[in-house]
Amino acid sequence: MSGEYDAEYRRASADPRGYWGEAAKAVDWQRAPQTMLDDANPPFLRWFPDGELNACHNALDRHVEAGHGERLALIYDSPVTDTKQRFSYRELRDRVARFAGALRSLGVGTGDRVVIYMPMVPEAAIAMLACARIGAIHSVVFGGFAANELAVRIDDVQAKVVVAASCGIEPGRLVPYKPLLDRAIELARHKPERCVILQREQQRAELIADRDLDWRELEAAAAMVGCVPVPSGHPLYVLYTSGTTGQPKGVVRDTGGCVVSLLWSMRKVYGVGPGDVFWAASDVGWVVGHSYIVYGPLFNGSTSILYEGKPVGTPDPGAYWRIIAEYGVKVFFTAPTAFRAIKKEDPNGEHIERHDLSRFEALFLAGERCDPDTLDWAQRRLGVPVIDHWWQTELGWPACANCRGIELLPVVPGSPTKPVPGFVLEALDDQGRPLPAGQIGALVLRQPLPPGTFIGLWGNDERFVKSYFASFPGYYETGDAGYIDAHGYVFVMARTDDVINVAGHRLSTGAMEEVLAAHPDVAECAVIGVADPMKGQLPLGMVVLKDGVRREPRAICDEVVGMVRERIGPVAAFKLCTVVARLPKTRSGKVLRGTMRAIADGEAWKPPATIDDPATLEEVGGALAALGFPDRGEA
Ligand code: COA
Ligand code: AMP
């Protein structure tokens, strides 16, 4: 049938209250909302303000009570530890209820914050759901972040308890989490009362008396507890994401909006039903992990896969196809970078042919721009629709997609298709005027944003307003630039700020610059994102040394590379650095990052009219050429 997407989109835009009020009926409320939207105090909107519910009840108990307790809820597949484990809805509910009791025995109650610093183990999901069960607010920190980043998050969210594992496992090395946690607590001004440590046999950790507790002992001694209903606007979680500075933004997601939107999106965007197997190959530390490894599939009564491994090397580029075949995955979601890694090792898709993918129906890609080559390769090799879709931590669920649960529209390479019902997207010029079709501008979303989008930044209303709602009154500014074509297809082209995207991970060049600037020999610095065929972008640092520094530039570069790894974490993938005599700037002192990036990417560039000294660009061109980035020269 055709026209269904258009009809549904129009309904959601014309009457958001009616549309989402209808969607909310699919959710189990302790008290059903009578008011659908409170928009009295923009941009602070509240969906379903008088409703009461519990997210864990909607994820687990609800399905058990409906007679689906034996259905598979979660499959843990870990090639790095050679472990496979399956949890039915009943088993997962019981584990969660007991761990919720354990948290409560530590004095954790409604509104308390719990930081979760764990690798991809089922206990990470159990801890998240246990928090939701008792109304505690979780804040998951990705394992690839270093102690300092963990400390910043513990401080900002004022964590009462931290739940961590003794170690994570990266191919070829163990990542001892416990020393990172100890260091983070040392650095943090706010000291959590307790740490709960999951001891993994690959590397056990020393526990600190009076502070650290063993997960298993605590869980074994705990009583199971029930779900605590909370107001719809109660924060389900805070998830930190990169902004333009070293201080990450604590994105707050409300409970009611999250349950309604994720349940709706599982069916309408992904076309996945109860009992279907859905797999998002991401990490619980990212928004994709929150929405589509843990909450979305469980709200929907589907089976979710939690995979502790990589697309390649664990053990080979057939790992994804093995999982899809073994568990009968219907819909799979990952980042284009993973496909580029697979394509590099298995260009002819020979590993794909070794597996039975007959139950596989669609691949969704997100996290970064999907290059048409990757899309084409995936489509040809897999023979299923490959759907690029676009969203952000702040939005919580896809804002642009090909909604296969409504109507599969023709795939246009390079486009995440069209806005999802509920999201009214426009491309605006600097003055906030709508641009004609095909012209690039700031991508913005008209208020009200639909349910499930962020309701604030933790403890920082001012930054919430200033970062997202100040430039274009009445709109949410996405921070992405792009255009909408004459057929309504959206093209997301670049960020408008200093955020870069490395292997699908969102990182702040500003945060890296703060680290570089802290080196005693560095006078000034700039970090830019340069194109990389596998990771999409890589950070590259340029440093100017203080007068009188006579040390070997290579040694200083190695030191700053080590500092970024130490302070931000290995996930920053900061390995490219060079020393330059001066940074190119405008006469008003603004560093010309965009021009430097164009030089590094081999694009044609032009010195801006406001440049202070054109010779600085030649110097930078020379330094980049020495790193292997040939300058195509001035346009
Ligand atoms: N804990 C500790 N360290 C971690 C980590 C974690 N959870 N995740 C990554 N790291 C480390 C890696 O070991 C690596 O360290 P190294 O510099 O010592 O090699 C570094 O951080 C960079 O990791 P990564 O970006 O994963 O690069 P990689 O070269 O190891 O692997 C890919 C490349 C493409 C295979 C990998 O990035 C990948 O699987 N990407 C998919 C990303 C994704 O799904 N994103 C979710 C968005 S939807
Ligand atoms: P994150 O908040 O980590 O999910 O990162 C969100 C950012 O990743 C967006 O603002 C985009 O810049 C980028 N992004 C995510 N998905 C896509 C996509 N499908 N196409 C282009 N860019 C994307």
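Mentor: Asp-182 and Lys-178 make a salt bridge, with 3.2 Å between the closest N and O atoms. The term salt bridge stands for a side-chain nitrogen of Lys or Arg within 4 Å of a carboxyl oxygen of Asp or Glu. The two residues are four apart in helix H7, so about one helical turn separates them. Helices (H or I, at least four residues) and strands (E, at least two) are DSSP runs, numbered from the N terminus. Asp-182 is partly exposed, at 22% relative accessible area, whereas Lys-178 is buried, at 4%. Here buried means under 20% relative accessible area, exposed over 50%, and partly exposed in between (1.4 Å probe, protein chains only).

Before going on, note that this is a predicted model, in which local features need pLDDT of at least 70 and side-chain atom pairs count only at pLDDT 80 or more, while totals for chains, interfaces and linings use all residues. Residues are numbered from 1 along each chain as its sequence is written, chains are lettered from A and ligands numbered from 1 in the order in which they are written, and side-chain values use heavy atoms, with hydrogens and water left out.

Another salt bridge joins Asp-155 to Arg-189, with the closest N and O atoms 3.8 Å apart. Asp-155 belongs to helix H6 and Arg-189 to the loop between helix H7 (177-187) and strand S11 (194-198), so this pair ties together parts 34 residues apart in sequence. Asp-155 is buried, with a relative accessible area of 12%, but Arg-189 is exposed, at 73%.

Asp-112 and Lys-160 also meet through their side chains in a salt bridge, at 3.6 Å from N to O. Asp-112 is in the loop between helix H4 (89-105) and strand S6 (113-117), and Lys-160 is in the loop between helix H6 (147-157) and strand S8 (161-165), so the pair links parts that are 48 residues apart in sequence. Elsewhere, salt bridges link Asp-77, Lys-84, Arg-322 and Glu-326 in a network. The count of salt bridges comes to 42.

Next, a pair of helices. The axes of helix H18 (residues 593-600) and helix H19 (residues 615-626) come within 10 Å and cross at roughly 40°. Axes are lines fitted to C-alpha atoms, for helices over the stretch in contact, and angles run from 0 to 180 degrees between N-to-C directions. H18 and H19 are therefore oblique to each other; angles under 35 degrees count as roughly parallel, over 145 as roughly antiparallel, 65 to 115 as roughly perpendicular and the rest as oblique. Thr-595, Met-596, Ile-599 and Ala-600 of H18 make the contact with Leu-617, Val-620, Gly-621 and Leu-624 of H19, where contact means heavy atoms within 4.5 Å.

Last, the backbone. The peptide bond from Pro-42 to Pro-43 is cis, with omega near 5°, and Pro-43 is in the loop between strand S1 (37-38) and strand S2 (46-47). A cis peptide bond also runs from Gln-447 to Pro-448, with omega near 0°. Phe-48 is not a glycine, yet has a positive phi of about 50°. Phe-48 lies in the loop between S2 and strand S3 (52-53) and is buried, at 0% relative accessibility. Asp-210 has a positive phi too, near 70°, but is exposed, at 71%.
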